[in-house]
Amino acid sequence: MHVLPILFGALFTLATAWSLGMLLLRNLAPSFDAWERRLLAFIAGSACLSEIMFALSAAKLVHRGVLLAVGLASIGYAAYSGALRSPGKAFEPLGLLWRWVFIAVFAGLTWYAFFNALAPEHSSDGMAYHLSEVSIYQHAHGFPRITNDVYANLSQGIELLYLFAFDFGRHSAAALVHYAFLIALVFLVLSYGRRIGRPAVGVAGAIFTYTCPVVLRDATTAYIDVALAAVLFALFYLLQVWDESRDPKLIVPIGILAGFGYAVKYTAFLALPYAVGFVVWKLWRARKPLLGPVLVIGLSAAVMILPWMLKDWIEVANPFAPLANRVFPNPYAHISWEDEWRSYLSTYGLHSRWQIPLEATVKGGQLEGFLGPSFLLTPLALLALRFREGRQLLLAGLVLGSTYFSNVGTRFLIPVVPFISVALALAVANLPWLLLALVAANVITCWPAVYGRYCTPGAWQIYELPVKAALRLQSEDAYLSRDPDYNIVRMMGRVVPPGGRIFAIGQNGTSYLPRELLIGYRSAANEVMQDILLTPLVRDYQPALSLKFDFPAREFRKLRVVQKGSEPEDQWSMAELRIFEGPNELPRDPGWRLTAHPNPWEVQMAFDNSPVTRWRSWQPASPGMYVEVDFPRPQPASSVTVEASDEMVNTKIRLEGMGMDGQWSTVSDHPVISAHPILSSLRMAAIAELKTRGIQYVLIHPGDFGADDFLRYPAAWGLRLAGEENGTRLYRIR
Amino acid sequence: MFLIRAACLLLCVLCLAACDRLPQSYPPPEQRQPVAGFNPGPDAMMVSMEDSDADPVIVKDIYPGTGIPWRWTKQEPTVKVLVFSTESVKFSADFAIWDDSFKTTGPLEISFLVNGKLLDKIRYTTPGKKHFEKPVPADWLAGNTEATVALSVDKLYIAPRSGDEYGVILSRLGLKP
């Protein structure tokens, strides 16, 4: 990839978004300064372009020619209609001191940031899913139905902009688009300060935001957090302008941005209630009609939100996928996975939330990035409450940041960084020397060459100036090969032929992998495969217990095994359920109907005669859960055997039957339990199950559970080593 | 207004079309048969020194392979094997005692160990190729677990120049069904 296509991909995307935004805002000239209109147009236009890309993706029309046509038509029509002209009053020029402070800091950091954004993209999440999904969409010319990757079910408003850029300039074009959001955000913050008549506050706020290490790092990758911050600050900005002007035409872009927040990232769902609440409060106090503006905001937002909900509803039966699986149970994401995911994200392994302030501002090791020591002064921002603007900023920051504790990664504070930055500057605005000192201290401590001295080694940060790699004077491959994940996916790309399917317990870097890789934790089906793969290695997974219910022979319409226990920490599982008439097991009649509660979709695994598959509740065991067989005709039976793993929860069961009268009754409450340890190897059976699920390759990292066993006994698994990269082994299923 | 109504109607129809209720009950699936090759071959529990994959199962006292079908050992060459069955399993070892080292060490007494338990001890009074095979009591092994299989050589040959220690020349070591 050369530089020109990358720059073209990014600039063409930005120009298209900006043109669409200028068209949207063209009738709102009196409300804006010329520059803030341009900036807000870019953000609003990005929402429009994202929506267009959603429609194109849904229609599988993502072809380069179509994208060129959309871009050229948008730019051409905007130019033709005069929308690109930006009339309106201009702010007073910045004072000399603050102007040069801003120029110096902005130019210095842009030197770092631009080349990092232009360098080959190799961020963790960017490679793992943001661009990985984009790459899949580009290949499929739109949305394929993806049910084996929960990340594909998140809203992807910014990723669709990346898709536009990616088609021309691949990974780095996407990262440059993200970086453009940071530029827009910084200038929006600057403009806000000028709008409220405090240009020094604008400059300081813009510098606090731009120098923030996690912001700068995030913006130079194909993440989406800084874009979200720009969208939310633009929403705040529009609401402030509307509050001044009460221009009803602003209501539509306000609704669009409120909805776009959700489309960018679920955690911004509060943008809509915030916008509606703001408008309702202001109109109510002014005794003005509420219904019309609220409806317009709601409808505009719905246009941005509903497509994502519909997509998820259609594809994975859950409009809020991959969350809310208890409310919308589905076969594609396990409740236990969601519980564990939420649990981890709420702590990141921290012992106490009191560690967050220092971790998020100075150290950055565990929370994956740091804001800079200046943000330890955040409580000082409360002094801004004495100003109306300060109250507005802090209210917005509080509302939009209130979802932070659902994911305590430092990145999830990025959306509130601009609000805190401006509020902090506003708090000391009446002491210009102090503000200047704060800015100077902030710039020094947050300069890339300095913060490596105090942050935790390895914390997410900009740590180099990759000019050669950015300009492609060094090959992408050479630059990226410093990343172990990249080398592994390259190895897989070499070894696995097109169409090959790989299973891995974990792996990043997949945006560079032109093969299908199913990762253990990323969907219900993948978790089942991981469970199967580990069963030969984990005795607690193996069906070593037999629980037999004996009872006088009689006829049943249905039989079910019911869970009696309540185990908040344990799941109920069942490897096999066998029904006997006398000494003989009943053959499993194709007319039987099997079901289970919960998780009916995996019930067949309790009836497949395989020792490595099992039905699991995939949520804590609770009384009333059951596995049921519905017979097509009255079925005599005299005993039922459950084969399960050796866990206490699996023994707390009873057998219920439905007789000819249609009534359920307890058939037996006390199974006879016997132990039958598995003495034969289940390895080949496990691999055979993966094979029936279409897997041809298995990737094992040295740190994966059981990696040594694969290393020592590949033949026992029925595997043959196909490739190796730095200890990570790719096995082909024989 | 007409367009809005039409759009609403179309949206409703699309939504209804999307409502494909997931099945809640299923017929029994295809029944799995025991996988052929659960015990993959007579040599599945043997470790061959010419095999490049032997390294991961070598526990100690075996020199790295050099592409030839044997390796020098030190005092207690030990490998791990995965036990597929416990009935009628035999300890099996193919090794050689080097003529030149034998001149220095004289007869060697070699112990044969399974999971640290002494299976047999034999005194070899001549150099050359040797084969040892003896049934392992079933209760010494557990199915589907790893077992350690080892030789223990009583005397070592010390190379005069390097000072390196050498036991026997090992070709294959492990268990046979």
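**In strand 15 of chain A, Leu730(A) is the bridge partner of Leu699(A).** Strand 13 (697-700) of chain A pairs with strand 15 of chain A in the antiparallel sense, over 4 bridges. Strands are said to pair if DSSP finds at least two bridges between them. Strands (E, at least two residues) and helices (H or I, at least four) are DSSP runs numbered from the N terminus. The model is predicted: local features need pLDDT of at least 70, side-chain atom pairs count only at pLDDT 80 or more, and totals for chains, interfaces and linings use all residues. Residues are numbered from 1 along each chain as its sequence is written, while chains are lettered from A and ligands numbered from 1 in the order in which they are written.

**Strand 14 and strand 15 of chain A form a hairpin with 2 residues between them.** Asn726(A), in the turn, has a positive phi of about 50°. Glu725(A) stands opposite Thr728(A) of strand 15. Arg720(A) stands opposite Arg732(A) of strand 15.

**An open sheet of 5 strands in chain A has the order 2-1-13-15-14 and mixed pairing.** Its edges are strand 2 (516-519) and strand 14 (719-725) of chain A, each of which pairs on one side only. From one strand to the next the twist averages 25°. Helix 21 (residues 484-495) of chain A lies across strand 1 (501-504), strand 13, strand 14 and strand 15 of chain A, and runs at about 135° to strand 14. Helix 23 (residues 683-692) of chain A packs on the sheet and touches strand 1, strand 13, strand 14 and strand 15 of chain A. The direction of helix 23 makes about 75° with that of strand 15 of chain A. Angles run from 0 to 180 degrees between N-to-C directions, and axes are lines fitted to C-alpha atoms, for helices over the stretch in contact.

**Helix 1 and helix 2 (residues 34-58) of chain A pack at an angle of about 105°, with their axes 6 Å apart.** That makes helix 1 of chain A roughly perpendicular to helix 2 of chain A; the classes are roughly parallel under 35 degrees, roughly antiparallel over 145, roughly perpendicular from 65 to 115, and oblique for the rest. Helix 1 of chain A contributes residues including Thr16(A), Trp18(A), Leu20(A) and Leu25(A), and helix 2 of chain A residues including Arg37(A), Phe42(A), Ile43(A) and Leu49(A). Residues are in contact if their C-beta atoms, placed from the backbone, lie within 7 Å. By class, this contact of helix 1 with helix 2 of chain A has 13 nonpolar, 5 polar and 1 charged residues. Ala, Val, Leu, Ile, Met, Phe, Trp, Tyr, Cys and Pro count as nonpolar, Asp, Glu, Lys and Arg as charged, and the others, Gly among them, as polar.

**Helix 1 (residues 3-25) and helix 3 (residues 64-80) of chain A pack at about 45°, their axes 8 Å apart.** That makes helix 1 of chain A oblique to helix 3 of chain A. The crossing of helix 1 and helix 3 of chain A is left-handed: the near helix is turned anticlockwise from the far one by less than a right angle, clockwise being right-handed. The contact is made by Phe12(A), Ala15(A), Thr16(A), Ser19(A), Leu20(A), Met22(A) and Leu23(A) of helix 1 and by Val70(A), Gly71(A), Ser74(A), Ile75(A) and Ala78(A) of helix 3. By class, the contact of helix 1 with helix 3 of chain A has 8 nonpolar, 4 polar and no charged residues.

**Helix 2 and helix 10 (residues 251-264) of chain A pack at about 60°, with axes 10 Å apart.** The crossing of helix 2 and helix 10 of chain A is left-handed. Ile43(A), Ala44(A), Ala47(A) and Ser50(A) of helix 2 meet Pro253(A), Ile256(A), Leu257(A), Phe260(A) and Ala263(A) of helix 10. The residues of this contact of helix 2 with helix 10 of chain A divide into 8 nonpolar, 1 polar and no charged.

**Strand 8 (residues 146-153) of chain B is joined by 5 bridges to strand 3 (residues 71-82) of chain B, and the two run antiparallel.** Val79(B) stands opposite Val149(B) of strand 8. Another 5 bridges join strand 5 (residues 108-114) of chain B to strand 8 of chain B, also in antiparallel fashion. Val153(B) of strand 8 is the bridge partner of Ile110(B).

**Contact between the chains involves 23 residues of chain B and 33 residues of chain A.** By class, the side of chain B that touches chain A has 14 nonpolar, 6 polar and 3 charged residues.

Methods. Two residues are in contact if their C-beta atoms, placed from the backbone, lie within 7 Å.
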